[in-house]
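Reader: I am new to this structure. Please pick one part and look at it closely. Then show me what lies around it.

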Amino acid sequence: WIADAFFSIVLECLFLVQSVLVGLVPGGVGFALGLAHLSLLYALYSFEYAWMDRRMPVVERLAKIERDWPYYLGFGLPLTVATALPQSMVISASVFAVLFPA
């Protein structure tokens, strides 16, 4: 169980780095893909607490995100847009902390 939690943290960090790198693609395509990546990541953050409580392995969690990606994209999009609007990282992090579904 500890290995699964550690793998989940590493995976989320890599997904965050991937989101930033995809966002660097020039033009609006990179911005849109970066928002999509972050939307999926924020949805994973949101649902992971319940899934871990149910002892769902990380492989099943990722399969669920991949299978139902339109739902999770839409779920994470409002938070992603709200945190992408501020120019300041401090304000963006504050918005995330206030709006994150806990």
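Author: Start with Thr80. Thr80 counts as buried, at 1% relative accessibility. Buried means under 20% relative accessible area, exposed over 50%, and partly exposed in between (1.4 Å probe, protein chains only). The model is predicted: local features need pLDDT of at least 70, side-chain atom pairs count only at pLDDT 80 or more, and totals for chains, interfaces and linings use all residues. Residues are numbered from 1 along each chain as its sequence is written, and side-chain values use heavy atoms, without hydrogens and water.

Where does Thr80 lie? Thr80 is part of helix 4. Helices are DSSP runs (H or I, at least four residues), numbered from the N terminus. What does Thr80 touch, leaving aside its neighbours within four places in sequence? Its contacts are Leu35, Leu38, Ser39 and Tyr42. Contact means heavy atoms within 4.5 Å. Look for these four partners in helix 2: Leu35, Leu38, Ser39 and Tyr42 are among the residues there that meet helix 4. Thr80 and Phe96 are 16 residues apart in sequence, and their C-alpha atoms are 8.4 Å apart in space.

Now widen the view to the two helices. Helix 2 covers residues 28-53 and helix 4 covers residues 69-84. Their axes come within 6 Å and cross at roughly 110 degrees. Axes are lines fitted to C-alpha atoms, for helices over the stretch in contact, with angles from 0 to 180 degrees between N-to-C directions. Helix 2 and helix 4 are therefore roughly perpendicular to each other (65 to 115 degrees).

Who takes part on the helix 4 side? Thr80 is joined by Trp69, Tyr71, Tyr72, Leu73, Phe75, Gly76, Leu77, Leu79, Thr83 and Ala84. Helix 2 answers with Leu35, Ala36, Leu38, Ser39, Leu40, Tyr42, Ala43, Ser46, Phe47 and Trp51. The residues of this contact divide into 16 nonpolar, five polar and no charged. Ala, Val, Leu, Ile, Met, Phe, Trp, Tyr, Cys and Pro count as nonpolar, Asp, Glu, Lys and Arg as charged, and the others, Gly among them, as polar.

Gly74 is partly exposed, with a relative accessible area of 41%. From Gly74 to Met56 is 18 residues in sequence and 22 Å in space, C-alpha to C-alpha.

Next, follow the chain past helix 5 (89-99) to Pro101, in the segment after that helix. Pro101 counts as partly exposed, at 39% relative accessibility. Pro101 touches Ser46 and Phe75, not counting residues up to four places away in sequence. Both Ser46 of helix 2 and Phe75 of helix 4 take part in the contact between those helices. Pro101 and Leu79 are 22 residues apart along the chain, with their C-alpha atoms separated by 9.3 Å.

Go back to helix 2 and look beyond each end. Leu24 sits in the loop between helix 1 and helix 2. Leu24 counts as exposed, at 63% relative accessibility. Its C-alpha atom is 8.1 Å from that of Gly34, 10 residues away along the chain. Arg55 belongs to the loop between helix 2 and helix 3 (58-67). Arg55 also counts as exposed, at 56% relative accessibility. Arg55 is not a glycine, yet its phi is positive, at about 60 degrees.

Finally, turn to helix 1. Its buried residues pack against helix 2 and helix 3. The face turned away from that buried side carries exposed residues: Ile2, Ala3, Phe6, Ile9, Leu14 and Leu21.

Key:
Angles under 35 degrees count as roughly parallel, over 145 as roughly antiparallel, 65 to 115 as roughly perpendicular and the rest as oblique.
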